[in-house]
Amino acid sequence: MTEPPVPAESLDATPDPIDLAMAQKVLDAQPFSRLVRARITRFGEGAATLEIVARDELRQQNGFLHGGVLAYAADNSITFAAGTTLGPAVLTSGFSIQYVRPATGAKLVAHAVVVHTGRRQATVRCELFGVAQGRDGADGADGTDTDARTLCAIAQGTVLSTA
């Protein structure tokens, strides 16, 4: 089935931006994302944060979160961050990841920020943290998270617009 032609005036139009709730729906449409139970907790203005609760099924033989889980989180957070500047029709062109220490803790947080965007391509940096749940799990008086974060990997990727 072919799609109807796109009016010429809409070819240069910027796609409607999506919000955090819609970004989570897009993530939930990915079967693998549902498998690892990934959540987007921040989305917009050139950044995205993806979180995964650490479960035994996601660990390797030494009890650390598996490197593949970290790579997945980096890839998806990088792509979602780029989508905030390029629009929703994007694909990862490539990325690299450097593991700096084993990922431990109650959850994994991947925070990605666009460092450069052009008409059809964005370059994004991502930091991945293992987060140990604080004793009370509460936020600090200033609204900051009191959970201890440990940097476990750094990634950088290129994302292309497919629109």
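This short talk goes through the sheet, the helices that cover it, the nonpolar core and the aromatic pairs of the structure shown above.

Before the details, please keep in mind that this is a predicted model, in which local features need pLDDT of at least 70 and side-chain atom pairs count only at pLDDT 80 or more, while totals for chains, interfaces and linings use all residues. Residues are numbered from 1 along each chain as its sequence is written, and side-chain values use heavy atoms, with hydrogens and water left out.

Let me begin with the sheet. Six strands form an open sheet in the order S1-S2-S4-S5-S6-S3, with antiparallel pairing; helices (H or I, at least four residues) and strands (E, at least two) are DSSP runs numbered from the N terminus, and two strands pair if DSSP finds at least two bridges between them. Strands S1 and S3 (90-99) stand at the edges with a single partner strand each, so one side of each is left without a neighbour in the sheet. Direction ignored, neighbouring strands of this sheet are turned by 20° against each other on average, where axes are lines fitted to C-alpha atoms, for helices over the stretch in contact, and angles run from 0 to 180 degrees between N-to-C directions.

Working through the pairings, strand S1 (residues 39-44) runs antiparallel to S2 and is joined to it by five bridges. The two form a hairpin with two residues between them, and in that turn Glu-45 has a positive phi of about 55°, while Gly-44 stands opposite Ala-47 in S2. On S2 (residues 47-53), six of the seven residues are buried, so this strand is largely enclosed by the rest of the structure; buried here means under 20% relative accessible area, exposed over 50%, and partly exposed in between, with a 1.4 Å probe and protein chains only. S2 also pairs with strand S4 (residues 107-117), in the antiparallel sense and over seven bridges, and there Ala-48 faces Ala-112.

Further along, strand S5 (residues 121-132) and strand S6 (residues 148-161) are paired in the antiparallel sense over 12 bridges, with Gly-130 opposite Thr-150 in S6. Gly-130 is buried, at a relative accessible area of 3%, and although Pro-102 is 28 residues away from Gly-130 in sequence, their C-alpha atoms are 8.5 Å apart in space.

H4 lies across S1, S2, S3, S4, S5 and S6, running at about 135° to S3, whereas helix H2 (residues 20-28) lies across S1 and S2 and runs at about 135° to S1.

Of the 37 residues in the largest nonpolar core, Ile-52, Leu-70 and Leu-128 touch the most other members, a nonpolar core being a set of buried Ala, Val, Leu, Ile, Met, Phe, Trp, Tyr and Cys residues joined through side-chain atoms within 4.5 Å. H2, S1, S2, H4, S3, S4, S5 and S6 each supply at least two residues of this core, and H4 gives the most, with 10 residues. Residues up to four places away in sequence not counted, Ile-52 touches Val-36, Ala-38, Leu-58, Val-69, Tyr-72, Ala-73, Lys-107 and Leu-108, contact meaning heavy atoms within 4.5 Å.

Finally, the aromatic pairs, of which the count comes to two; rings of Phe, Tyr and Trp (its six-membered ring) pair if their centres lie within 6.5 Å, and planes under 30 degrees apart count as stacked, over 60 as edge-to-face and the rest as tilted. Phe-32 and Tyr-72 form an edge-to-face pair, at 5.4 Å centre to centre with 65° between the planes, and this pair links Phe-32 in helix H3 (residues 31-36) to Tyr-72 in helix H4, 40 residues apart. Phe-32 counts as partly exposed at 44% relative accessibility, whereas Tyr-72 is buried, with a relative accessible area of 9%. The pair of Phe-43 and Phe-80 is also edge-to-face, at 6.2 Å centre to centre and 80° between the planes; this one links strand S1 to helix H4 across 37 residues, and both Phe-43 and Phe-80 are buried.
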